[in-house]
Amino acid sequence: MKNSEIKIKVLNDIKQSKLKAEAEADKNLELAFKDEEFKSNYKEIKKLKFDIAKKEFAKKDTNKDKILLKELTEKLKVQANKLGYKFSDFRPNYYCKKCNDKGIINDLYCDCYYKKLNEALINNLGINVDKSHTFSNVKFDIFDKPNEIKKVYSHVQSWCEKLDSTKYKNVVLSGDTGVGKTYLLDCVCNSLVQKNIVVNYFTAFALNDLFLKYRSSFLEENSSLLDGVINCDVLIVDDLGSEPNLKNNEEYFYLLFNERIVKNKFTIISTNLSLEGIRQRYGERTFSRLANISNSLAIKMINSDLRTEIKKTTN
Ligand SMILES: [Zn+2]
């Protein structure tokens, strides 16, 4: 599916969810209206609210009306409970309380839109993050050095939990194959998604493909193609350095990482490369964006060796 089609579909899905929530609330009210006492009290409250608004507009005293409104509302609550409803059943239960499932607030796309768009884009790329990979489910005993790996996991978990206050915009997880970097990234992704943070997850290979697509696509589609990777709150890139080594694409990696720093966004990558390896492969500029001593956390994961270092690029 084309990205422009995915965008339309996501907006449509949000609209459907709004209609569904509203229809559900209407249906509950309609059923409760079968009870005449409930219905007449409900209508009286509605009229009273309107009267209060009118009086307030005319700067008239509304104290008595407000006392009556409180009484009637309490009564309605009891009536609703008797009928097996909660008050909230008569209000649309929107998925997104920020935009009430419009997908847009003040002419800007809401976070829920980006979240759904990211999910749709990720699905479209065929990346499946295993939902069972969570920080609480890790089996550390499969590692040669469980305590060392545990330290790394808890370090990264605390980064996820303190995202609001951390100064580390980038995390670089380096280490050989088999130390559990991808599993750790899955945990990061699942824990952030739980908190409704807009996450985008790519293998470096898929990101590379996206850059190729971007370069070969038409202008109209171009503008939206990289939206998700540039604007998501947290970008996860698995296995940086495993993608084909294309000169032009390395420029895109630089532009992406740079843009995300400018926009104050978080990026976490895993790589088999050492920091020096990143410098050699992607050049000084990209290296300085990813491993800048003031805002990057470099973590080296070593399992089979005696050492597992948690090395910050700052002291
Ligand atoms: Zn929203």
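**A walk through the model**

A: Happy to! Let's start at one spot in a loop: Asp101 sits between α3 and β1 (104–105). Keep in mind that this is a predicted model.

Q: Is Asp101 buried or exposed?

A: Asp101 counts as buried, because 23 C-beta neighbours lie inside 10 Å and the cut-off for buried is 20 or more.

Q: What about the phi of Asp101?

A: Phi of Asp101 is positive, near 55°, and Asp101 is a residue other than glycine. For background, most residues other than glycine have a negative phi.

Q: OK, zooming out. How many helices and strands does the chain have?

A: The protein chain has 11 helices and seven strands.

Q: What is the radius of gyration, and what would a compact globule have?

A: The chain has 26 Å, while a compact globule of 315 residues would have a radius of gyration near 20 Å. Along the principal axes, the C-alpha atoms fill a box of roughly 75 × 50 × 35 Å.

Q: Which domains does the assignment give?

A: The assignment gives domain 1 (3–105) and domain 2 (127–301). Their C-alpha centres lie 43 Å apart.

Q: What share of the residues is buried?

A: Buried residues make up 28% of the 315 residues.

Q: And which residues touch the most other members in the largest nonpolar core?

A: Val188 and Ile236 do, in a core of 55 residues. Helix α6 (residues 181–194) gives this core its largest share, six residues. At least three residues of the core come from each of domain 1 and domain 2. As a general point, nonpolar side chains in soluble globular proteins tend to be buried together.

Q: What does Val188 touch?

A: Leaving out residues up to four places away in sequence, Val188 touches Val156, Cys160, Ile236 and Ile268.

Q: What about Val193, where does that one lie?

A: Val193 lies in helix α6. Val193 is partly exposed, with 18 other C-beta atoms within 10 Å. Val193 and Glu119 are 74 residues apart in sequence, yet their C-alpha atoms are 10.0 Å apart in space.

Q: Where is Gly180?

A: Gly180 is in the loop between β3 (170–175) and α6. Gly180 counts as buried because of its 24 C-beta neighbours inside 10 Å. Setting aside residues up to four places away in sequence, Gly180 touches Phe143 and Ile149.

Q: Let's switch to helices. How many residues does α10 have, and how far does it reach?

A: Helix α10 has 16 residues and reaches 23 Å from its first C-alpha to its last, close to the 22 Å expected at 1.5 Å a residue.

Q: Which residues in α10 are buried?

A: Asn249, Phe253, Leu256, Phe257 and Arg260 are buried in α10. Seen down the axis, these buried residues of α10 fall within an arc of 90°, so they line one face of the helix.

Q: Why would residues three or four places apart point the same way?

A: An α-helix has 3.6 residues a turn, so residues at that spacing point the same way.

Q: What covers the buried residues of α10?

A: The cover includes α7, α9 (227–231), β5 (234–240), β6 and α11 (275–290). On the face turned away from the buried side, α10 carries the exposed residues Lys247, Asn248 and Val262.

Q: You mentioned α7. Which residues are buried there?

A: In α7 (residues 204–216), the buried ones are Ala204, Leu207, Asn208, Leu210 and Phe211. They are on the same side of α7, because they cover an arc of only 160° around the axis.

Q: Last one: how many residues are in α3, and what follows that helix?

A: Helix α3 (residues 63–82) has 20 residues and reaches 29 Å from its first C-alpha to its last, close to the 28 Å expected. Gly84 follows α3 and has a positive phi, near 90°.

Definitions and conventions:
Residues numbered from 1 in each chain as written. Predicted model: local features only at pLDDT ≥ 70, side-chain atom pairs only at ≥ 80, totals over all residues. Helix = DSSP H or I, 4+ residues; strand = E, 2+ residues; numbered from the N terminus. Rg over C-alpha atoms; globule rule 2.2 N^0.38 Å. Buried ≥ 20, exposed ≤ 12 C-beta atoms within 10 Å, placed from the backbone. Core = buried A, V, L, I, M, F, W, Y, C linked by C-beta atoms within 7 Å. Domains from an automatic or database assignment. Contact = placed C-beta atoms within 7 Å. Expected span 1.5 Å × (residues − 1). Arc of directions from axis to C-beta.
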